[in-house]
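Good morning. I will go through one structure today, starting with the whole chain and then moving to two places in it. Please have a look at the screen.

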Amino acid sequence: MLIAFHGLRLSRTTSDFYVASRTVRPWWNASAIGGEYLSAASFLGVAGLIVLSGQSGLWFPIGYTAGYLMLLLFVAAPLRRSRAYTIPDFAQIRFENSPVLRKLTTYLVVVICWLYIVPQMHGAALTLSIATGLPSWVGPVVVAAVVCVTVLSGGMRSVTFVQAFQYWFKLAALVVPTIFLLVRAIPEQSAGERAQNLFAQLESVTTMNLYETVSIILALLFGTLGLPHVLVRFYTNPTGQTARTTTAIVLCLLSVFYLLPTTLGVLGILYTPELGASNETDATILLLPARLFDGFLADALTAIVVGGAFAAFLSTTSGLVVSLAGAISQEFFSGTVRGFRISTVLATALPVLIAVLTSSLALAGAIGNVFAFTASTICPLLLLGIWWRSLTARGAIAGLLVGAIACGASLSIGIFLPAVDHWWIHLLRQPAAWSVPLAFAVMVAVSRGTQRAVPGNVDRVMALLHVPDREAKF
């Protein structure tokens with residue numbers, strides 16, 4: 001909050017609140033993206049998934065990181081050159097005179113952000129209840145209060161400072177316990193008994209089949225391209241080239257970070273295997289220090305992990321709230337600073353209520369479902385909107401609706417289905433492998449049938465998106 005108050009001194013204009021006046025340099029922005037992207041699913045959920053499903057859990061850190069390669073290649077620079085504030089703004093620039101598409105995009109951004117915020121609140125509830133014994137509702141309320149103060153104080157500029165700090169804090173909060181745990185654990189492996197147990201667990205029977213593996217990879221790769229809170233950060237870079245540089249740095253930062261929860265997940269297989277049977281694997285990192293140490297050192301390492309976990313909840317939720325408040329303010333409050341602040345409160349209130357009234361799912365699995373939804377909606381709109389001049393507003397609307405309904409309905413039904421090995425259950429629980437191609441196909445097919453509705457400004461907009469900054473004249 002102190003860092004956010006520092007940002008308040010520098011936030012004076014609407015542009016400051018929405019995109020930090022587009023002056024954020026690559027290292028700052030990359031650290032901030034790392035801070036907001038590494039959520040509860042990364043900090044707690046990755047290790048938990050490795051404990052729960054063995055080697056199948058390794059696909060999540062790989063997919064989370066590789067998604068930024070897709071961003072680097074296809075989206076980062078053109079999106080920055082679009083000069084938009086939000087994803088609905090991009091839709092309006094790309095498809096002139098289509099208020100329906102803008103509204104639909106706004107509603108999807110709202111849904112995606114809320115779906116992403118709720119697991120952060122669940123993670124806060126889990127962490128605080130384990131660390132202190134307080135009621136689970138306290139965690140979401142604390143996170144919501146701090147996020148509101150952070151965002152209201154200075155908008156995007158304040159959040160950028162805070163999230164950049166939180167990436168390095170989260171990294172330290174895993175590096176320190178990992179070093180201590182490895183120093184204690186490695187000598188104990190000389191007998192070989194635990195090593196055999198490790199290999200047995202990594203080849204667990206819960207390993208995903210080929211279809212589920214492909215679906216998860218597809219969801220994580222393409223889902224990253226549709227995350228509103230990540231995309232909005234590229235609007236803060238000065239140029240398209242700096243947006244590409246930012247993305248390259250993010251790839252490096254994420255690669256370093258994900259080595260740590262992966263290592264802790266392997267240690268969790270050795271020292272907390274019972275969590276897999278009770279489906280409480282998200283607590284793995286929180287409980288590991290007490291399994292290998294006693295007394296003050298165990299408490300100190302646990303406290304560091306708890307601090308890092310809350311940094312994860314706060315930074316990701318802050319980014320989501322900024323993106324969500326920007327979309328709501330632009331749509332319903334004329335994009336004013338006062339409207340942004342009202343939207344911030346609205347954006348935070350509902351997820352807190354949902355989190356308090358519902359129980360936590362597996363964090364990484366819940367976030368994986370959000371990735372599948374974004375891959376089926378926002379991702380096709382951006383990729384085709386940036387790279388295919390023949391995309392029409394009607395085609396985009398049809399694809400968004402089909403992708404949202406198909407993926408959303410499948411995930412909603414899949415939650416209530418038993419974990420039985422039937423092909424149709426796999427299709428519903430992991431829909432990305434068919435819902436993403438379906439959304440792309442519908443957009444292309446409908447656009448082909450409505451070629452007369454191609455926007456008249458498409459040549460100018462495509463030049464704006466793809467001409468290098470120093471040559472652009474628009």
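Let me start with the surface. The chain exposes about 18200 Å², and 68% of that area is supplied by carbon and sulfur atoms. Keep in mind that this is a predicted model.

Next, the interior. Of the 474 residues in the chain, 60% are buried. As for secondary structure, the chain has 23 helices and zero strands. If we take contacts between residues at least 6 apart in sequence, 84% of them join residues at least 24 apart.

Now to one pair of helices. Helix 4 covers residues 40-53 and helix 5 covers residues 59-74. Their axes come within 9 Å and cross at roughly 145°. Which residues make the contact? On helix 4 they are Ala 41, Ser 42, Val 46 and Leu 49; on helix 5 they are Phe 60, Pro 61 and Tyr 64. Sorted by type, the residues of this contact are six nonpolar, one polar and no charged.

Which helix gives the patch its largest share? That is helix 17, residues 337-357, with five residues.

Is Leu 357 buried or exposed? Its relative accessibility is 66%, and the cut-off for exposed is over 50%, so Leu 357 counts as exposed.

Key
Residues numbered from 1 in each chain as written. Predicted model: local features only at pLDDT ≥ 70, side-chain atom pairs only at ≥ 80, totals over all residues. Heavy atoms only, no water. Axes fitted to C-alpha atoms, helices over the stretch in contact; angles between N-to-C directions. Helix = DSSP H or I, 4+ residues; strand = E, 2+ residues; numbered from the N terminus. Contact = heavy atoms within 4.5 Å. Nonpolar A, V, L, I, M, F, W, Y, C, P; charged D, E, K, R; others polar. Buried < 20%, exposed > 50% of the residue type's maximum accessible area, 1.4 Å probe, protein only. Areas by Shrake-Rupley, 256 points an atom, 1.4 Å probe, with all protein chains shown as cover.
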